[in-house]
Amino acid sequence: MIVVAGEALIDLVPQAGGALPAPLLPARGGGPYNTAVALGRLGADVSFCSRISTDAFGESLIGRLREEGVDTALVQRGPEPTTLAVAAIGPGGSAAYTFYVEGTADRLFTVPPELPAATRALSLGTCSLVLEPGASAYEELMRRQAARGVFVALDPNVRPGLIPDADAYRARFRSWLPHVSMLKLSEEDADWLGADFGAWLAAGPAAVVLTRGGDGLTVLTRDGGRYSVPGERVRVVDTIGAGDTVNAALLHALSERELLSPGALGSLSPDRWREVLGFAARAAALTCTKAGAEPPYARELRAAGTGLPPGAS
């Protein structure tokens, strides 16, 4: 099982070309939530670990998880409102967000007593590791599971508008790295965090996966490897959820190859890395062809001739 921990929220996405003010369409989202949905659509055994409101938005969020085959036994519920994120769509389909997070349910997450015995990987990131008191609870969950030998995937997915002290956050980010098996982040996130890839790899992760928008994906490995794949050329509607789809596709492809253990990534050859990255790039490209965070189903990838890398079980 892959456990995805973090926020679930409602994206308010402007219609009519993305310019504000414009009618806003509610869309279920949040980086970890999108990752869990994407894993469910790919056919993974996945559980979502979060706190979700009992309001109408929260009921909709829970309903979608169940529809996509995501286990919800680890979801905590509360009467607090659902977090809202207003998206502004820029040139090329890129999205910027304004968040409404005061007193919302996902901030009150507490550490569960335990995760399912079948848990092989834990994926975390985005707002959930910024907003207290929940951030400290998610951090404790990360440390506890890493100590138990669980593969930890981290996508910081930096939202500078939510971070009151950038230097303190950067220091906290570095403190997570000894517990991380795989770090995934965008070029923009990497630059904001200092882009010290050598130090990051030395601190803990076996690999850092860098997303480069339409230019594709690159992985840097602790043994000095650097392997890249190009992006897939598609008609982009928007990029909402593309990075989260990359997270899910990477985890799913590694799971299918039985590589979800902290030391397993060191065994991947350059060709195998390119296959895994290529699968993630193709899945993300399909997400970009739809409005909002709509990751592809496994059948869509198969229909496009872009299923799991050759040799995957």
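Three elements, β2 (9–14), β3 (24–29) and α2 (56–67), each supply at least two residues to the lining of the second largest pocket. Helices (H or I, at least four residues) and strands (E, at least two) are DSSP runs numbered from the N terminus. β3 gives the most, with four residues.

This is a predicted model: local features need pLDDT of at least 70, side-chain atom pairs count only at pLDDT 80 or more, and totals for chains, interfaces and linings use all residues. Residues are numbered from 1 along each chain as its sequence is written, and side-chain values use heavy atoms, with hydrogens and water left out.

The second largest pocket holds about 190 Å³ of space. Of its 14 lining residues, the closest to its centre are Leu 25, Pro 26, Ala 27, Arg 28 and Glu 294. A pocket is an open set of points on a 1 Å grid over the protein atoms alone, with protein on both sides within 12 Å along at least five of seven lines; in a cavity a 1.4 Å probe fits but cannot get out; lining residues have an atom within 4 Å of a point.

There are three cavities of 30 Å³ or more. Lining residues of the largest cavity include Glu 7, Phe 99, Arg 107 and Tyr 138.

| Space | Volume | Lining classes |
|---|---|---|
| Second largest pocket | about 190 Å³ | eight nonpolar, three polar, three charged |
| Largest cavity | about 70 Å³ | six nonpolar, three polar, three charged |

Helix α7 (residues 242–256) has 15 residues, which at 1.5 Å a residue should span 21 Å; its end C-alpha atoms are 21 Å apart, which agrees. Twelve of the 15 residues in α7 are buried (under 20% relative accessible area, 1.4 Å probe, protein chains only). Among them are Asp 244, Asn 247 and His 252. Just after α7, Glu 258 takes a positive phi of about 55°.

Terms used. Grid points are joined across faces, edges and corners, and a volume is the space filled by probe spheres set on the points. Ala, Val, Leu, Ile, Met, Phe, Trp, Tyr, Cys and Pro count as nonpolar, Asp, Glu, Lys and Arg as charged, and the others, Gly among them, as polar. The expected span of a helix is 1.5 Å times one less than its number of residues. Buried means under 20% relative accessible area, exposed over 50%, partly exposed in between (1.4 Å probe, protein chains only).
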